[in-house]
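Please open the structure in your viewer and keep the sequence panel beside it. The tour below goes from one selection to the next and says what is there at each stop.

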Amino acid sequence: MRLLLVTDGTVTQALEAYLNTQVQVQLLHQGRSTEHQLFGVRANISTCDPMLRQVQLVRSDTQSVVVQAESIIALDLLPLELADGLLAGKLGIGDLIRAQSLDTYRQLLDLGISQRADRVGVWRTYAICREHQALMQVQEWFPWDVFEKV
């Protein structure tokens, strides 16, 4: 679990290696937004064109949810190809950034433990930055019961 919280690459690939199975990105919601909030907490990102994106990562063998994620994305700050890829909604953010060979880094902003419905999980919030500017802010929630069995 600690490795997933500090990974600075594609969470999907890290999960596939950790769980020894394919992980699929399921787009739950995506659209332009006037609010800058992730799970009810104000995101610290400066943009004129924010997009809210909610996904879950699902094991392909059991269909169990292994990550819930929500992002605020500054569409106006992204290269066109990356924005188009995000709008298509087929790949995870990390996979799209890697495919574009963008020089980005993650800045961990916060982490903690919380309960959602009847499950306890660990979450982290981070910014994906390029040239000292936040392009998006992401919060990922990892349900504890999925990882205690591995």
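Select Gly89 to begin: this residue, just after α3, takes a positive phi of about 70°. The model is a predicted one, in which local features need pLDDT of at least 70 and side-chain atom pairs count only at pLDDT 80 or more, while totals for chains, interfaces and linings use all residues. Residues are numbered from 1 along each chain as its sequence is written, and side-chain values use heavy atoms, with hydrogens and water left out. Helices (H or I, at least four residues) and strands (E, at least two) are DSSP runs numbered from the N terminus.

Step back into helix α3 itself, residues 80-88, and colour its buried residues, which are Leu82, Ala83, Gly85 and Leu86. They lie on the same side of α3 because they cover an arc of only 160° around the axis, the arc being that of the directions from the helix axis to the C-beta atoms. Buried here means under 20% relative accessible area, exposed means over 50%, and partly exposed lies in between, with a 1.4 Å probe and protein chains only. Now show what covers these residues, which includes β1 (23-32), β4 (50-59), β5 (65-74), α4 (93-100) and β8 (133-143).

Lys90 is the next selection, in the loop between α3 and α4. Is Lys90 buried or exposed? Its relative accessible area is 66%, so Lys90 is exposed.

Then select β5, where nine of the ten residues are buried. This strand pairs with β4 in the antiparallel sense over nine bridges, two strands counting as paired if DSSP finds at least two bridges between them. To see one of these positions, pick Leu52, whose bridge partner in β5 is Ile72. The hairpin of β4 and β5 has five residues between the strands, and Gln63 in this hairpin takes a positive phi near 65°. β5 also pairs with β8, again antiparallel, over six bridges, and Ile73 stands opposite Met136 in β8.

Move on to strand β6, residues 105-116, which eleven bridges join to the antiparallel β7. The two form a hairpin with two residues between them, and Ala117 in the turn has a positive phi of about 55°. Tyr105 stands opposite Cys129 in β7. Centre the view on Cys129, which is buried, with a relative accessible area of 3%. Leaving aside neighbours within four places in sequence, the residues in contact with Cys129 (heavy atoms within 4.5 Å) include Asp103, Gln107 and Leu135. Between the C-alpha atoms of Cys129 and Asp103, 26 residues apart along the chain, the separation is 8.8 Å.

For the last stop, select Gly92, Ile93, Gly94, Tyr126 and Glu140, which of the 20 residues lining the largest cavity are the closest to its centre. About 240 Å³ of space lies in this cavity. A cavity is a set of points on a 1 Å grid over the protein atoms alone where a 1.4 Å probe fits but cannot get out, and lining residues have an atom within 4 Å of a point; grid points are joined across faces, edges and corners, and a volume is the space filled by probe spheres set on the points. At least two lining residues come from each of α2 (11-19), β4, β5, α4, β7 (119-130) and β8.

Methods. On a 1 Å grid over the protein atoms alone, a cavity is a set of points where a 1.4 Å probe fits but cannot get out, and a pocket is an open set with protein on both sides within 12 Å along at least five of seven lines; lining residues have an atom within 4 Å of a point.
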